[in-house]
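Please look through the structure below before reading on.

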Amino acid sequence: MALAPPTKNPSQMTDAEIAQLKMPYGRILEYLKPWMGRFIFGVLIGVVAAAFNGVLIVGISLIFQLVLDGGAKTLGEPLDLPVFGQVNVAEMLGLATDTPMGLTGVIIACAFIPVLMFLNGFLEYLNKYQLAWVGNKMLFHIRSDVFRSVLRQSPAFFSHTKAGELMQTVFNQSRVAQTNAVQLVQLLTNRPLTIITILYVLFSKDWFFTLMSLVIFPLCLAPIITIGRKVRKAGSREEKEVGTMMTTMHESFTGIRLVKGYAREEYEVERFDRANAEMCKNMLRWTRAMELIGPIVEAVASIGIAAGLVYFWYQQKGSSDLIVLIMSLTKIYPPAKELSKVNLLMQKTVYAVNKVVHLLEREADIKDAPGAPELARVKGGVTFENISFGYSNEDGSKLDRAAINGIHLDLVPGKFYALVGPSGAGKSTLFSLLLRFYDPDSGRVLLDGVDIRSVTQDSVRGNIGLVSQDTFLFHDTIRENIRYGRLDATEEEIIAAAKKAHAHEFILQVQGGYDAVVGDSGCNLSGGQKQRLSIARAILRNAPILLLDEATSALDTETEKIIQEAIHVLSEGKTVIAIAHRLSTIMEADQIIVMRDGLVADKGNHEELLKSSELYQKLYSLQFHD
Ligand SMILES: Nc1ncnc2c1ncn2[C@@H]1O[C@H](COP(=O)(O)OP(=O)(O)OP(=O)(O)O)[C@@H](O)[C@H]1O
Ligand SMILES: [Mg+2]
């Protein structure tokens, strides 16, 4: 049972290790594959949108020259366009060179401005939408796969990992990974080409002016690179704090009774606020870096504009040229600004993607043997064959003290076994081994003589019904909570199970009956009622082997009697192993197994054990004797 993950969890990495992370392109590609067509289309549209910037500038330059500075008198007036040089509109349209412009000409020319702008906007929209569409599809599958991968892990994984942090990865990190990745693709495919297109047009218009602005451009980049380096780590730190906050919230909400009972609200808020404050600090650091970039770029750009004006006065150029040049320059800076953030964005993305992939690729500690067959419905024979087992630390090393130290038990189908012993004796651990939540270090667990490691886990668990110590009910209707035992059960079967569990009567009294949502107002159930629902669930499952982990909390005699009856119904014709804390359960048992320190200390029925077992006598007088 190797607990060591394939790669280190990024949230436990040092900053230096985070900086070393590589983008797992292969994994991303896998998720991209089904949508490749649409993805390529989106990228191509991005390329077209970038090139269209050139069309836009040339077009607007033409319109401005026709209209501004007193305007052209005739369509035959030669115009000086970027890229195309000297152009004669009348010749292009096949009209006489002395065709007058007039108001109609001006209106038609100007009408092209919204048309060009609309096309420009539409292409950009299409580019963003297509890529976002692909990204969204990917996110759906990534999220779903991460959740599935987490659920596949063994209980050992969950006892070492905080639920809040898992939720943060499944929900937030996969979103960050997806949105950032989409943005990166868009930036890298569209922006460089946009800049090149505009620069090309600008160069053909006025090479000196453009060259000067190109000198200023790197000046913009210098401070960005320095800032970027300084705060690169802030992004990953922020994600860590979100994880801590999620954990605190999750623990406080699920343990609200404990929090309130000990009046620890303020204590929890303080715990929350420590991460909260740390996160705000990181956020600020991050924002400061990101937002400083814009103003710096703009300030440097305005120096360029000022210098440009001087140059224009010196060159005696018309205002249409100035407007077109400045417009083009301002169109260059946003994409340049965005490109300058790529480094920061990349860092955040690599971290998030790695965290998601780490969870995605984590092998479960307990796996089905390759090609393992299903275990058919068993008669109910259970054998623990010389089992030894110790729990592991987070790093996979074994704890010093083993929980089970060589247990050999042969349980016959259809009998009722009570498991008793002091706390920590290993009773619940034995259940976990039977359910294959863990694999024993040595020895085998057999069902009807079949090693449970040789068949699928699902089919093993399909043969086992479980009523656990802490009844867990979902925030769903009573009906669905019972149906959880067997998803294809009919309404009649659900009600029959509830009746057998002596739950039917109180369910009808709850407002809403079977449709009442557990935990909602009007449906706050008592401990005994919850237990009866979980018994109904187990009755519905109708598995040949039944595991009962009795709640230690005392029930009143009335409820105890009802539950006892329910269990009696439940156990008919089944192999039952009950961790017993109640005398009534013990009296029901065909055999009592006394456990101590991970060993079977004694076996027998009540009378025999009272005579022969010192430990049983002690347990009896302390626990079971009313
Ligand atoms: N997830 C775990 N990780 C590490 N050690 C564990 C884990 N669960 C149980 N143990 C240890 O294994 C031993 C057996 O525990 P187990 O839960 O089986 O006892 P138990 O007999 O069910 O006790 P109780 O009657 O109190 O429920 C104990 O020493 C316990 O500390
Ligand atoms: Mg226990």
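A residue is called buried here if 20 or more other C-beta atoms lie within 10 Å of its own, with C-beta atoms placed from the backbone. In this predicted model, that criterion can be applied to strand β10, where Thr575, Ile577 and Ile579 point one way, Val576 and Ala578 point the other way, and all are buried. Because 5 of the 5 residues of β10, which spans residues 575–579, are buried, the strand is largely enclosed by the rest of the structure.

Which strands are joined to β10 by bridges? Strand β5, formed by residues 416–420, runs parallel to β10 and is joined to it by 4 bridges, and within this pairing Phe416 stands opposite Val576. Strand β9, formed by residues 545–549, is also parallel to β10, with 5 bridges between the two, and here Asp549 has Ile579 as its bridge partner.

The surroundings of ligand 1 include Ser159, Tyr391, Leu399 and Ala403, together with Gly421, Ser423, Gly424, Ala425, Gly426, Lys427, Ser428 and Thr429. Helix α13, which covers residues 427–434, supplies the largest share of this shell, with 3 residues. By residue class, the shell around ligand 1 divides into 7 polar residues, 4 nonpolar residues and 1 charged residue.

At the level of the whole protein chain, the division is into domain 1, covering 24–361, and domain 2, covering 478–541. The C-alpha centres of domain 1 and domain 2 are 53 Å apart.

Terms used:
Residues are numbered from 1 along each chain as its sequence is written. Chains are lettered from A and ligands numbered from 1 in the order in which they are written. This is a predicted model: local features need pLDDT of at least 70, side-chain atom pairs count only at pLDDT 80 or more; totals for chains, interfaces and linings use all residues. Domain bounds come from an automatic or database domain assignment. A residue is near a molecule or strand if its C-beta atom, placed from the backbone, lies within 6 Å of it. Ala, Val, Leu, Ile, Met, Phe, Trp, Tyr, Cys and Pro count as nonpolar, Asp, Glu, Lys and Arg as charged, and the others, Gly among them, as polar. A residue is buried if 20 or more other C-beta atoms lie within 10 Å of its own, exposed if 12 or fewer, and partly exposed in between; C-beta atoms are placed from the backbone. Two strands pair if DSSP finds at least two bridges between them.
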